[in-house]
Amino acid sequence: MYAAGDVRIENVPDARLIEPNDALVTVTRAAICGSDLWPYRTMEHSDGGRRMGHEFIGVVEAVGADVRTVKAGDLVVSPFLWSDGTCVFCREGLHTSCLHGGRYGFDDVDGGQGEAVRVPQADGTLVVLPVGRDDALMPSLLTLSDVMGTGHHAALAAETGPGKTAAVVGDGAVGLCGVIAAKRLGAERIIILGRHPDRIALATAFGATDVVSERGDEAVERVRELTGGFGAHSVLECVGLAGSTRTALEIARPGGAIGRVGLPQEEVIPEALPTFFGNLTISGGPAPVRAYIEELLPDVLEGRIEPGRVFDRVGPLDEVPDGYRAMNERGAIKALIEF
Ligand SMILES: [Zn+2]
């Protein structure tokens, strides 16, 4: 990406092993993330450009001398961050705070929207998939790199559980995966806040029981009507804008919890007094998806959840710039890249 709206496919030096804990992975599937759209809308021009992509599945080509858990020929999925799996935070399941971790596309590490990636900390990062490289489950398996784990994180942070009402703010890929996660964790009722007919249809297929298409104060009113005047026990904030955050805080019932996974676009969390007097828990953050892959993988392999249905656009690497354009114009929910 060279600037807002300027994504190009370029030839770059081949990815290669550098550190003894690296794996070299040939990418077989990758995705464009909603978070990639923030730089797509705002990035200042850069002469050198920026490597993009952090959601991918691929085949291990080679590993460094210290790598033990993956080997050449393995099909692997990577979480959207790399992490060692052994530091104090990784052992607590908070791989996003890994002391030796980092991001794809920065500091000599390749981006996932490309043919090959050097994966640092391969043992702590990569998870071997027990399927062939073109298995029909590939779209759902790819969501374990980010959006399904992020939806799950929102549901956990919002304390979703049996008998509870969950409300999901946002009908993008993460919000839709949040619906799957809320249902999976036993929510009795799931309210989706969104207004795009195709996305609402998918949310309903995933388990949403109620749809609120209003926005702002009207949306808050509608959720209260649906919940006996109280609001939802669990609110999954999957957008990050000021308006969506305010709505999320206003539709939580006293004693409820808000799980925030939308990257905040504002410095301040609103509604300090109402959330204080309501004893609301405001939780969430970047999802430690590496901690969730093993838990969610059996549900994908056995067909209990189908998060891959969020991909409504598939194309080769050449179509990545069009994929960004389509997602930015909301003509596509999420784009899958096949190699
Ligand atoms: Zn760590």
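In the predicted model, Val235 has Ile258 of β12 as its bridge partner. The strands concerned, β11 and β12, run parallel and are joined by five bridges. Both belong to an open sheet of six strands, in which the order is β10-β9-β8-β11-β12-β13 and the pairing is parallel. The edges of this sheet are formed by β10 (210-212) and β13, each of which pairs on one side only. With direction ignored, neighbouring strands of the sheet are turned against each other by 20° on average. Helix α5 packs on the sheet, where it touches β8, β11, β12 and β13. The direction of α5 makes about 155° with that of β12.

Within the sheet, strand β8 (165-169) has five of its five residues buried, so it is largely enclosed by the rest of the structure. The covering applies to both faces of β8: Thr165, Ala167 and Val169 are buried on one side, and Ala166 and Val168 are buried on the other. Strand β9 (residues 189-193) runs parallel to β8 and is joined to it by five bridges. In this pairing, Ala166 stands opposite Ile190 of β9.

Helix α5 (residues 147-157) is likewise largely enclosed by the rest of the structure, because eleven of its eleven residues are buried. The buried residues are Val147, Met148, Gly149, Thr150, Gly151, His152, His153, Ala154, Ala155, Leu156 and Ala157. The elements that cover them include the strands β8 (165-169), β11 (232-237), β12 (252-260) and β13 (281-284). Helices α6 (173-184) and α11 (289-301) are also among the covering elements. Just after α5, Glu159 takes a positive phi of about 55°.

Two packed helices are described by the angle between their axes and the distance between the axes. For α5 and α6, the angle is about 60° and the axes are 7 Å apart. The two helices α5 and α6 are therefore oblique to each other, and their crossing is right-handed. On the α5 side, the residues that meet α6 are Val147, Met148, Thr150, Gly151, His152, Ala154 and Ala155. Their counterparts in α6 are Ala173, Val174, Cys177, Gly178, Ile180, Ala181 and Ala182. By class, this contact of α5 with α6 comprises ten nonpolar and four polar residues, with no charged residues.

The crossing in which α8 passes α9 is right-handed. Gly216, Ala219 and Val220 of α8 meet Gly243, Thr247 and Glu250 of α9. The residues of this contact of α8 with α9 divide into two nonpolar, three polar and one charged.

Positive phi values also occur in loops. Gln121 is not a glycine, yet its phi is positive at about 50°. This residue, Gln121, is found in the loop between β6 (116-119) and α3 (122-125). Gln121 counts as buried because it has 25 C-beta neighbours inside 10 Å, the cut-off for burial being 20 or more. Glu271, in the loop between β12 and α10 (272-277), is a residue other than glycine with a positive phi near 65°. With 16 other C-beta atoms within 10 Å, Glu271 is partly exposed.

A further loop position is Ile333, found between α12 (320-328) and β15 (335-338). Ile333 is buried, because 23 other C-beta atoms lie within 10 Å. Apart from its neighbours within four places in sequence, Ile333 is in contact with Gly172, Ala173, Arg199, Val310 and Asp312. Of these, Ala173 is also one of the α6 residues that α5 meets. Ile333 and Val268 are separated by 65 residues in sequence and by 28 Å in space, C-alpha to C-alpha.

Conventions: Residues numbered from 1 in each chain as written. Predicted model: local features only at pLDDT ≥ 70, side-chain atom pairs only at ≥ 80, totals over all residues. Buried ≥ 20, exposed ≤ 12 C-beta atoms within 10 Å, placed from the backbone. Helix = DSSP H or I, 4+ residues; strand = E, 2+ residues; numbered from the N terminus. Contact = placed C-beta atoms within 7 Å. Axes fitted to C-alpha atoms, helices over the stretch in contact; angles between N-to-C directions. Parallel < 35°, antiparallel > 145°, perpendicular 65-115°, else oblique. Left-handed = near helix turned anticlockwise from the far one by under 90°. Nonpolar A, V, L, I, M, F, W, Y, C, P; charged D, E, K, R; others polar. Pairing = 2+ DSSP bridges.
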